[in-house]
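Please look over the sequence and the structure before reading on.

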Amino acid sequence: MMPKLRPARPFFSSGPCAKRPGWSLDSLKGAVLGRSHRAKSGKAAVAQAAKIASLAIENAEKLAKVNVQGAKTALAQSVEGLQTAMAVKDPQEFFAVRARFAEAGVEAAINYSKSLYELGTEAQAQYSALAEEAWASYTKNVALWMESAGKAAPPGSDAAVHALAGVTLELGRG
């Protein structure tokens with residue numbers, strides 16, 4: 001059933017509010033509209049999350065590889081040390097073998113620590129690069145949004161839009 005009364009001003013958008021004079025659909029170009037999973041910003045966030053997840057898995061694989069190698073080295077040293085200790089005939093030789101394997105164990109632990117440090121440093125550099133990339137994209141998108149907001153703003157609001165843009169950019173610089 002159609003209503004009997006029609007509004008005096010039938011030009012409304014998301015409710016019975018009139019659009020400002022001079023408004024056009026072109027002012028919405030580049031705006032984040034529609035479903036979030038189809039918006040550019042949503043797609044960029046999903047892509048960024050995928051990069052982070054991929055990087056986390058890659059680094060976990062590297063860490064697992066270092067840990068497995070460390071376990072293999074420790075096992076091999078233990079077996080070799082046990083076999084050598086069982087073949088020893090006098091106490092002086094036993095203490096010399098013990099000292100030699102203790103030194104080898106310390107060296108293996110230092111090498112393992114170095115490998116972990118290198119992995120951590122590499123991962124930190126990768127995550128920092130992702131963060132810088134995300135920040136650059138964010139500031140670019142904020143600037144584009146501010147530009148489109150300025151174009152869509154009502155006439156005479158230039159000063160307010162420029163002030164908001166200045167504050168936004170200053171907050172972004174941190």
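A residue counts as buried when its relative accessible area is under 20%, and as exposed when that area is over 50%. The model described here is predicted.

**Asparagine 59**
- Asparagine 59 is part of helix H1.
- Its relative accessible area is 12%, so asparagine 59 is buried.
- The side chain of asparagine 59 makes a polar contact of 3.3 Å with the side chain of glutamine 126.
- Apart from neighbours within four places in sequence, asparagine 59 is in contact with Ala123, Gln126 and Tyr127.

**Glutamine 48**
- Glutamine 48 also sits in helix H1, which covers residues 40-87.
- With a relative accessible area of 15%, glutamine 48 is buried.
- The backbone oxygen of leucine 130 is reached by the side chain of glutamine 48 at 3.2 Å.
- Once neighbours within four places in sequence are set aside, the contacts of glutamine 48 are Leu130, Glu133 and Ala134.

**The surface patch and leucine 25**
- A nonpolar patch on the surface is formed by Trp23, Leu25 and Leu28.
- Together, these residues have about 270 Å² of accessible area.
- Leucine 25, one of the patch residues, is found in the segment before H1.
- The relative accessibility of leucine 25 is 60%, so this residue counts as exposed.

Methods. Residues numbered from 1 in each chain as written. Predicted model: local features only at pLDDT ≥ 70, side-chain atom pairs only at ≥ 80, totals over all residues. Heavy atoms only, no water. Helix = DSSP H or I, 4+ residues; strand = E, 2+ residues; numbered from the N terminus. Buried < 20%, exposed > 50% of the residue type's maximum accessible area, 1.4 Å probe, protein only. Polar contact = N/O pair within 3.5 Å; in protein donor to acceptor, adjacent residues only side chain to side chain. Contact = heavy atoms within 4.5 Å. Patch = residues over 30% accessible without salt bridge, like charges linked within 9 Å, V, L, I, M, F, W, Y side chains within 5 Å. Areas by Shrake-Rupley, 256 points an atom, 1.4 Å probe, with all protein chains shown as cover. Salt bridge = Lys/Arg side-chain N within 4 Å of Asp/Glu carboxyl O.
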